[in-house]
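Please keep the viewer open as you read.

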Amino acid sequence: MKNEWILEKNHLSYWLRQLRKAGDLIGPLRDKGRDIVFRSVDQIHEVVLDSPASLPSPKEFLLPQYDPMLRLKVTSDGVNLPSKPQPVSPNVHMKESYGKTGVLDLMDKKKRVIFGVRSCDISAIRLLDRFYLEGYRDPYYEQRRKNTLFISIVCNNPDPTCFCIGLGTGPYLEKGFDIQLTDLGNRYFVQTASAEGIKTVKGISFLFSRPRKTDYDDQYEVFLSATARFQKRISLESPRRMILAGRLKDDFWQKVARRCFECGGCVYDCPLCTCFTVTDRTYPDGIERIRLWDTCLFKGFTRMAGGILPNEKRMLRTRRWYYHKLIHYPEVLNEFGCVGCGRCAITCPGKIDMATIATEIKGLAINGEEE
Amino acid sequence: MTNGKNIYLPVNGKIEEIIPQGRDVSLFRVRTQMPLNYVPGQFFMVSVWGAGEVPISVTSLFGADKAVELCIRRAGFVTETIHSLKAGDPLWLRGPYGNGFPLEISKNRDVVVVAGGIGMAPLRPLIEWFMKKPEDVGRVTLLYGAKTPEDIVFRDEMEDWKERGIKVLLTVDRADECWKGHVGLVTGLWQEVHSDLKKATAYICGPEVMIKAAMGELFLFGMPEERIITTLEAHMKCGVGKCGHCYTGPRYICTDGPVFSYREIKDISIP
């Protein structure tokens, strides 16, 4: 009750302009093609709400595709310089100290407000927090997470590919978000669930009013109508059980793998796929250690010393992707490694996205067939 | 040990000495300014700026706290670069990572150490540990297989090990004119082990096929699953369970391993 407000829609643009003063405002914008992408917002009116899912997910603001981590200063005597002059790196901060060892930490300390995020993506970030901050804490993720405020919007009109409803990761969240908005036509129903979210709303409290009974009624109605609009109702529990019961033999996965193009599109667009590779890049005055997105679907992903390829068969790599999300995520974190955002269904050219495969497995279970 | 709070920030080490060990393999002694605090079975992410980072297991026993010995085979781009370095050159380290060998399970028991090729590297500190504490352990037998006599690592040290009571059995895949020892697989040497395998403990490291064969056979001989220990290798980029490369089944070889018992890995394909 306490952390709920009403924001009139004609106040939204003013609120966003105020938020932009605290940090970079990121929102869903329509790209030159038709895709929706999360980018820095220049004109507030360009933000597209009630649009199809963005590609990729906003995970790129916590785990960028290209993420410089460290930089070693190179002196004339130390390391071999490249014979050809390289372009000057965009990541140099000349004034910053390289410290005693000559290594500069390229930590991204920018403050960001990401507006218009979907509930499924917020659920994914909640899981990413557990993965990146439990055990060894990933300092780059932690720093960005700390400096990012997420304002999510309840999906009143889910896409045909969405199936968060079967996984409890959307379209409306009870917890785990900073600020959640529900579109009630001429106003937003606003909820806050984190200290940062509460602080943000209270900092500009004159924009917000307390909800009245009619607001709660409308909010509930919108919620009911949204849940009724889902075209896909998929549970991942049945495929999980089929796999654990050993009812899916290699033949099944071979058929799936035959439809895999190994493009890695599902991995790049998935809000929960986070594998990265690390590489060193040499510039005239320094060497940078950079991490980049990587994918388990590529053959070289597990290449070991001496050229041994443990997952040389494509079937093993395809299966690994599903096993990780359907079996191993629940085993370790007690939740599926899928939030039902449906992006893999949009991207996959072979139509072996999570929802399709889960449905195929369920079909086998119902027909009592075994592959 | 990491440099400050950032787990990806390596510390600057200096190569003190490089000792060649057979073909394509050298032992690098690296000294740092900070204590390293490692135990046998753990590994370091070793890097040369501009070339990259690789996981390398510790080859020396703890105690040498600001220095570590790393036995490195020339196998790819980064290790090739490391082999081009000289004493005095910098080598960057972060770690140690991984769980290390369980030493308590071999207390007062006979021990069989099975190694293949460069797989000797992580097992060398174990042998040193058993020599340091002979009263804690029963009879120690080392079975070591290499491709050719030239590929045998720590050959000089093995003489010392023999003198100090370790039974060393060597075998090669291909002999040369001078070779008078065994020829064939390391798993063909079980009958030379004069220990009761049901009561003994085994530590195994080597190529995947060798590990699988040795573990399976020892289990058939009646050795309990939890006392058949191996250490696994995988492609790694972070060493801290984040990059996903070494993920195998529900486990990350870097943080859940690299040391596993047969019980833990018999159901999953290794690596």
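Glu262(A) is partly exposed, having 14 other C-beta atoms within 10 Å. Here a residue is buried if 20 or more other C-beta atoms lie within 10 Å of its own, exposed if 12 or fewer, and partly exposed in between, with C-beta atoms placed from the backbone. Glu262(A) sits in the loop between helix H7 (250–258) and helix H8 (265–269) of chain A. Helices (H or I, at least four residues) and strands (E, at least two) are DSSP runs, numbered from the N terminus.

A word on the source: this is a predicted model, in which local features need pLDDT of at least 70 and side-chain atom pairs count only at pLDDT 80 or more, while totals for chains, interfaces and linings use all residues. Residues are numbered from 1 along each chain as its sequence is written, and chains are lettered from A and ligands numbered from 1 in the order in which they are written.

**Backbone features**

Most residues other than glycine have a negative phi, and most peptide bonds are trans. The table lists places in this model that depart from that pattern.

| Site | Feature | Value |
|---|---|---|
| Glu262(A) | positive phi | about 55° |
| Phe154(B) | positive phi | about 55° |
| Leu55(A) to Pro56(A) | cis peptide bond | omega near -10° |
| Gly95(B) to Pro96(B) | cis peptide bond | omega near 0° |

Is Phe154(B) buried or exposed? With 23 C-beta neighbours inside 10 Å, Phe154(B) counts as buried. Phe154(B) is found in the loop between strand E8 (140–146) and helix H3 (155–163) of chain B. As for the prolines, Pro56(A) belongs to the loop between strand E3 (36–40) and strand E4 (66–73) of chain A, whereas Pro96(B) is in strand E6 (residues 90–97) of chain B.

**Chain A as a whole**

Chain A has eleven helices and twelve strands. Its radius of gyration is 23 Å, close to the 21 Å that the globule rule gives for 371 residues, so chain A is as compact as a globular protein of that length. The radius is taken over C-alpha atoms, and the rule is 2.2 Å times the number of residues to the power 0.38. Of the 371 residues of chain A, 40% count as buried.

**Two helices that cross**

H7(A) packs against helix H9 (residues 314–333) of chain A at an angle of about 95°, with the axes 8 Å apart. Axes are lines fitted to C-alpha atoms, for helices over the stretch in contact, and angles run from 0 to 180 degrees between N-to-C directions. That makes H7(A) roughly perpendicular to H9(A), a label for angles of 65 to 115 degrees. Residues of H7(A) in this contact include Trp253(A) and Val256(A), and those of H9(A) include Met315(A) and Thr318(A). Two residues are in contact if their C-beta atoms, placed from the backbone, lie within 7 Å.

**Where the chains meet**

How many residues does each chain bring to the contact? Chain A gives 32 residues and chain B gives 29 residues. On the side of chain A that touches chain B, the elements that give two or more residues are E4, strand E5 (103–105), strand E11 (276–283) and H9 of chain A. Of these, E11(A) gives the most, with six residues.

Notes
Parallel < 35°, antiparallel > 145°, perpendicular 65-115°, else oblique.
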